[in-house]
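Please keep the sequence and the model in view while reading.

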Amino acid sequence: MLADVHLQQDPAASLARAQSPNVDIVLAAATDVTTSRINVFLAEKYGQVKACIGIHPWRANLFTPETEKAMAELIQKGKVTAISETGIDLVRRMGDNFLTELQPLPLEVQVKAFHAQVRLAVNSNLFLVLHDRGSTREIFKVFEDFEDRTLRGIVHGFSGTVDEAREYRQQGFLISINKRYLPAINPVLETLTLNEIVLETDSNEPARVVDVCEAVALLKKETKNKVAEVTTANVKKLLGPGLL
Ligand SMILES: [Zn+2]
């Protein structure tokens, strides 16, 4: 059994391809209200898809009180497992078609959208899937406002340092491994146990989570089965019994 914690979009054909390597859990990431709605629809349709809703930091300017209301309404439907993805990106911003590279949105715009989504997560008992690009300090600053609450979740496509990974672990976050950042984050992976990581493709092809599993197994000197088993159990723990 495997779990891919970051499916970018849809649907049938790629999910079918994911059946043979036994990818049983796929977290579908959202970027805006439309993709959030699609994810709830997909989760209703496909058992292995777990719905995530969220406004991506590249789209933080779209976050309005209406957006927040729409997200709260989607949560009411009972299928939403996480706010994904949310966070802060100080490095770049991809435009509407995800092809044009633009300057990041102003920090205050991103912080406002992120803060509201962290609040939504803690109030609705959802976990967070974080997008952190050069913004660990800014993300932790937002977390300070939630000191008395329990935060949990995943840092998706982790590309930070050993120290940053440790800090995230202390905050209750798992480190999500994407093949794209290997071998750059090999030193980070070396400091983590299998209990502290999850796997992701960040693509439309959850079947390819097998490749990530293989790479991690090689580096951690574990069997692929062991890596698959532990990382999937980590995801299940996040999801909780009600949403499996
Ligand atoms: Zn991301």
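This is a predicted model: local features need pLDDT of at least 70, side-chain atom pairs count only at pLDDT 80 or more; totals for chains, interfaces and linings use all residues.

Residues are numbered from 1 along each chain as its sequence is written. Helices (H or I, at least four residues) and strands (E, at least two) are DSSP runs, numbered from the N terminus.

**Packing of α8 and α9**

- Helix α8 (residues 209-220) packs against helix α9 (residues 224-239) at an angle of about 110 degrees, and their axes are 8 Å apart. Axes are lines fitted to C-alpha atoms, for helices over the stretch in contact, and angles run from 0 to 180 degrees between N-to-C directions.
- α8 is therefore roughly perpendicular to α9 (angles under 35 degrees count as roughly parallel, over 145 as roughly antiparallel, 65 to 115 as roughly perpendicular and the rest as oblique).
- On the α8 side, Cys213, Glu214, Val216, Ala217 and Lys220 meet Lys224, Val227 and Ala228 of α9; two residues are in contact if their C-beta atoms, placed from the backbone, lie within 7 Å.
- The residues of this contact comprise 5 nonpolar, no polar and 3 charged (Ala, Val, Leu, Ile, Met, Phe, Trp, Tyr, Cys and Pro count as nonpolar, Asp, Glu, Lys and Arg as charged, and the others, Gly among them, as polar).

**Helix α3**

- Helix α3 (residues 65-76) has 12 residues and spans 17 Å from its first C-alpha to its last, close to the 16 Å expected at 1.5 Å a residue. The expected span is 1.5 Å times one less than the number of residues.

- Asn22, in the loop between α1 (12-17) and β2 (23-28), has a positive phi near 65 degrees. Asn22 counts as partly exposed because 14 other C-beta atoms lie within 10 Å (a residue is buried if 20 or more other C-beta atoms, placed from the backbone, lie within 10 Å of its own, exposed if 12 or fewer, and partly exposed in between).
- Asp202, in the loop between β10 (197-200) and α8, has a positive phi of about 50 degrees. With 21 C-beta neighbours inside 10 Å, Asp202 is buried.

**Cis peptide bonds**

- The bond from Ser84 to Glu85 is cis, with omega near -5 degrees, and Glu85 belongs to strand β4 (residues 80-89).
- The bond from Leu182 to Pro183 is cis, with omega near 5 degrees; Pro183 lies in the loop between β9 (173-178) and α7 (186-191).
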